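Here is a briefing on how one chain is put together. Look at the sequence and the fold first.

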Amino acid sequence: MKAAYLDNAATTQVAPEVAEAMLEVYQHAFGNPSSSHAVGRKAKALVETSRRDIAAHLNCAPRSICFTSGGTEADNHAISAAVGCLGVTRIVTSAAEHSAVVKASASMEAKGVEVVHVRHHPSGDVDMAHLRELLEDSSSKTLVSLMHANNEVGVMIDLQAVGQLCKQHDTLFHSDTVQTMGHYPIDLSEVDIDFLACSAHKFHGPKGSGFLYTNPDLRIDGLIVGGGQERAMRGGTENVAGIVGLAKAFELAFVHMVEHESHVRGVKQLLVDGLRARLPEVVFNGNSDQEDRLYTVLNVKFPSHPNSGMATFLFDLEGVACSGGSACSSGATQGSHVLRALGCQDPQRASVRFSFSRYTTSADIDKALEAVDKVFAPVLVEG
Ligand SMILES: Cc1ncc(COP(=O)(O)O)c(C=O)c1O
């Protein structure tokens, strides 16, 4: 039985073209990019070509791209460098950020940095008036860290609007773009942004590969020190195959973005329509069914049901891979910090995230809807 894989916000299947490009590196370009001989120079050339290609898609200088082990490292690097190298003493962020940002900010708080949370509207959107107030209210050197799209409920910010606000207040701006990179066009010549984070495995690249973009006007130190790799921004022998895989995934994502987006929106709509037809009380957390939300994610709050606490487990038994964030009615789990932060959590109702990719088919959606019929079958009341 082939599983319907609807957990693409967690990770995606590596594209065959990416696997092929990586295999080529493992077999024919295994040199250490720091070696001065021809074998090393070949590997170095692949790293630098990858950097240039990625920078061209983002319209930024290649030197502003520092390859990392993925999104978590990029987020950590940005936040710790803002404090350690750029004099930041205050971080304005949200309780609904990915734990890479929540915990990196908390570790700065432990060192005496003030951490302030911006409010969200009931819709899940960041309260821009509150953000403006927070930036007007303080003279401390501030970093705003707000994700482009929330990985659980798909709420998005307007990068340009937040970037402009930060610029007006002489504030640094970091955005975790892990869920949008490769899915939305980002033109860095048009947005005022100081740091952004990318992770290849969210758009059919390999795990353990990503990058940190840093505004080239800023000078920061490495998070990992060692050799002088990545212009001393990240010590350690480069993951050449991972970098080449990232660049290939980037190219495929950017060249075919419009058709991928149209396909993904189509399969998502099939699920929205199927759920509405079956379960009139269904709620989409963070209004994740709306067009202006991250189109790869649908966060569904199912009606109250005895199976609520086991929903993702039961979906798995039915061959549907999706993810939780569910409020466990048994109290065995804490549920999702994002749903809690956005006020979406209901202990009686399961919240399940379904997330899609260009490889998701209508048959996957049919299978998910059949599973919904079983997991949330009407309960017969005796008597
Ligand atoms: C929004 C967001 N930020 C950061 C990360 C971490 O990325 P990585 O798995 O590459 O460390 C993820 C992955 O789950 C994510 O969804």
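The points below go from domains to sheets to helix packing.

This is a predicted model, in which local features need pLDDT of at least 70 and side-chain atom pairs count only at pLDDT 80 or more, while totals for chains, interfaces and linings use all residues. Residues are numbered from 1 along each chain as its sequence is written. The chain is divided into domain 1 (4-12 + 257-375) and domain 2 (16-255); such bounds come from an automatic or database domain assignment. Helices (H or I, at least four residues) and strands (E, at least two) are DSSP runs, numbered from the N terminus.

**Domains and their contact**

- The centres of domain 1 and domain 2, taken over C-alpha atoms, are 27 Å apart.
- Their contact takes 23 residues from domain 1 and 25 residues from domain 2. Two residues are in contact if their C-beta atoms, placed from the backbone, lie within 7 Å.
- On the side of domain 1 that touches domain 2, strand E10 (297-301) and helix H10 (337-341) each supply at least two residues.
- H10 gives the largest share of that side, three residues.
- By class, that side of domain 1 has nine nonpolar, eleven polar and three charged residues. Ala, Val, Leu, Ile, Met, Phe, Trp, Tyr, Cys and Pro count as nonpolar, Asp, Glu, Lys and Arg as charged, and the others, Gly among them, as polar.

**The seven-stranded sheet**

- Seven strands form an open sheet in the order E2-E8-E7-E6-E5-E3-E4, and the pairing is mixed. Two strands pair if DSSP finds at least two bridges between them.
- Strand E2 (65-68) and strand E4 (114-117) are the edge strands, each pairing on one side only.
- From one strand to the next, the twist averages 20°.
- Strand E7 (residues 195-199) pairs with strand E8 (residues 210-214) in the antiparallel sense, over five bridges. Here Ala-197 stands opposite Leu-212 in E8.
- Helix H4 (residues 99-109) packs on this sheet and touches strand E3 (90-93), E4, strand E5 (142-145) and strand E6 (172-176). The direction of H4 makes about 155° with that of E3. Axes are lines fitted to C-alpha atoms, for helices over the stretch in contact, and angles run from 0 to 180 degrees between N-to-C directions.

**The three-stranded sheet**

- A second open sheet has three strands in the order E9-E10-E12, with antiparallel pairing.
- Strand E9 (283-284) and strand E12 (351-355) are at the edges with a single partner strand each, so one side of each has no neighbour in the sheet.
- E10 and E12 pair in the antiparallel sense over five bridges. Asn-299 stands opposite Arg-353 in E12.

**Helix H7 and its partners**

- Helix H1 (residues 16-28) packs with helix H7 (residues 240-255) at about 150°, their axes 8 Å apart. H1 and H7 are therefore roughly antiparallel. Angles under 35 degrees count as roughly parallel, over 145 as roughly antiparallel, 65 to 115 as roughly perpendicular and the rest as oblique.
- H1 and H7 cross in the right-handed sense. A crossing is left-handed if the near helix is turned anticlockwise from the far one by less than a right angle, and right-handed if clockwise.
- H1 contributes Glu-17, Val-18, Ala-21, Met-22, Val-25 and Tyr-26 to the contact, and H7 contributes Val-240, Ala-241, Val-244, Gly-245, Lys-248, Ala-249 and Leu-252.
- This contact of H1 with H7 has ten nonpolar, one polar and two charged residues.
- Helix H2 (residues 38-58) packs with H7 at about 30°, their axes 9 Å apart. H2 is therefore roughly parallel to H7.
- The crossing of H2 and H7 is left-handed.
- Residues of H2 in this contact include Leu-46, Val-47 and Ile-54, and those of H7 include Val-240, Val-244 and Phe-250.
- The contact of H2 with H7 divides into eleven nonpolar, two polar and two charged residues.

**Helices H8 and H11**

- Helix H8 (residues 257-278) and helix H11 (residues 362-375) pack at about 25°, with axes 9 Å apart. They are therefore roughly parallel to each other.
- H8 passes H11 in a right-handed crossing.
- Among the residues in contact are Val-267, Leu-270 and Arg-278 of H8, and Ile-365, Leu-369 and Asp-373 of H11.
- By class, the contact of H8 with H11 has eight nonpolar, two polar and two charged residues.
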